[in-house]
Amino acid sequence: MSAIMVSKKVLRKWEKLPGKNTFCCDGRVMMARQKGVFYLTLFLIVGTCALFFAFECPYLAVHLSPAIPVFAIVLFFFVMATLLRTSFSDPGVLPRALPDEATFSGPRGEAANGNVPAGQRPPPRIRNVQINNQIVKLKYCYTCKIFRPPRASHCGICDNCVERFDHHCPWVGNCVGKRNYRYFYLFTLSLSLLTIYIFTFDIVHVVLRSVDSGFVNTLKDTPGTVLEVVVCFFTLWSVVGLTGFHTYLVSLNQTTNEDIKGSWSGKNRVQNPYSHRNIMKNCCEVLCGPMHPSALDRRGELIELALAPVPIPASKNNKENPQTTKTTAPLIPNEHTPDDVKSSIAPETEGDVEEKLSPLENKPPPSEPPTPPPADPAETTAVLEEAF
Amino acid sequence: MSDGITQQRFQHRDRSYTVYGNMATEFHNLQELRRSASLATKVFIQRDYTEGTTCQFQTKFPAELDSRIERQLFEDTVKTLNNYYTEAEKIGGQSYLEGCLACATAYIIFLCMETRYEKVLKKISRYIQEQNEKMYAPRGLLITDPIERGMRVIEISIFEDRGSSGSSSSSSSTSSSSGR
């Protein structure tokens, strides 16, 4: 005796994305795996500003101007908004090539297509293109199985190719690339301003108070000021320096990656083909250019249905699904586990059987290993085979 | 043995398409499963980087399409797509305005407003759908929107018809992702 079993699993695409990213809020937020330094950044910014609002602002608002805390609040919100935008958005990750594309445009495919000029054989993993009368080499990425577009680079920490890759910033917990570079730049700029602002008004506050009650008493009255001054002093040197460096890069339309590698350092008369040779134009392109959309459809739905005849054994286990794959959920719900678990199905699967016939959108942990989509039909059908 | 038929339904950017497959043969549902067409091969139109990192595709006519579609039609399609992308990435008054306005609101405005690029992408998606329905599906071809391939390639699937092929009434565009 058998019945037809329909099992339906609704997943979001982010659950199946390769790479070492963490996703939160059902795919709306995308970050790197190591977030410890990012939390430190948040703590320092929020903590220092909280101390400023607690100790300095009441005094300064009364004795100088109420505009001081107002402007500080505005600056603080701008810093937080740009920081969160930088950290949570897709930096410009290139999705990996599906098998047919990889075969067609891979290193061997290139030679077969006759794109290699006769008489010359560049190494198969490099493709030459001409951009603005400059020869640029495109390298083949063996992980993503694509020839990287110009200015793209593979981030080892996130295990993704990122367009216009700048660098991986642990302080924001994400890569900085084409889509979030302007937010990163505005974050460093506004953080510099905020740091200078707080530092200046700390000094002003201490001076004003010392005139009234003496220096030592001032420090006793407002212990927070000392902490703020220390944090701001160290932050100033690093963040202001970083802002200056990135302003230089923006004006030349270069990335940190290119600068470190010396791609356009001028030897062999190699020049930056992307620069407009005009500082204003370069700044406008980088900071006011179009907002590119994400090529990763993180929140798209992936519905897997499997129809299979299921024998109904005499025992009471007649609701199980031979399609259930993993029996353990990942330890951290939103961490992306590496796809190293091959499904091995036993007909009697107890415990972690996914909710079948209702959408899973709000359920945190998927208990299916994130195998790449092309393998799914083969895998599920192979699994069916196994079950009998 | 087991006749397990696996269906996968994908939803991407407001369109859903269905791929049916089983172990023995694969057929891809273009027009409500009434006739079966099997995927012969795929052609990938690569990016053209001669003008920089702006999104442009090569208009070189691939040899595999020689017997399937007229060269002019193909080139027109690719050129129109290139024009759409140029329009999306144009750096001018409107993009500056959008950038400055967004900056002034600390980019919160993008939670409710669509960017210009996204609007053009929707236009592109409609254009590709229309091209598929009118010109490519009758010739047994199917264009996949480049955004679904990370803007790296335009994927054109070439099908072998079995039986008569009518014009497609469904509005889906299917990308086959399973190997044979």
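Good morning. Of the 388 residues in chain A, 51% count as buried, that is, they have under 20% relative accessible area with a 1.4 Å probe, protein chains only. This is a predicted model, in which local features need pLDDT of at least 70, side-chain atom pairs count only at pLDDT 80 or more, and totals for chains, interfaces and linings use all residues. Residues are numbered from 1 along each chain as its sequence is written, chains are lettered from A and ligands numbered from 1 in the order in which they are written, and side-chain values use heavy atoms, with hydrogens and water left out.

Chain A has ten helices and twelve strands; these are DSSP runs numbered from the N terminus, with at least four residues (H or I) for a helix and at least two (E) for a strand.

Let me turn to one sheet. In chain A, three strands form an open antiparallel sheet in the order E4-E9-E8, where strands pair if DSSP finds at least two bridges between them. Its edge strands, E4 (93-94) and E8 (153-155) of chain A, each pair on one side only. Two bridges join E4(A) to strand E9 (residues 160-162) of chain A, and A:Leu94 has A:Cys161 as its bridge partner in E9(A).

Next, the surface. Which helix gives the largest share of the nonpolar patch? Five of its residues come from H7(A), the largest share. Helix H6 (215-221) and helix H7 (223-252) of chain A each give two or more residues to the patch. A:Trp237 lies in helix H7 of chain A. A:Trp237 counts as exposed because its relative accessibility is 64%, and exposed means over 50%. Thank you.
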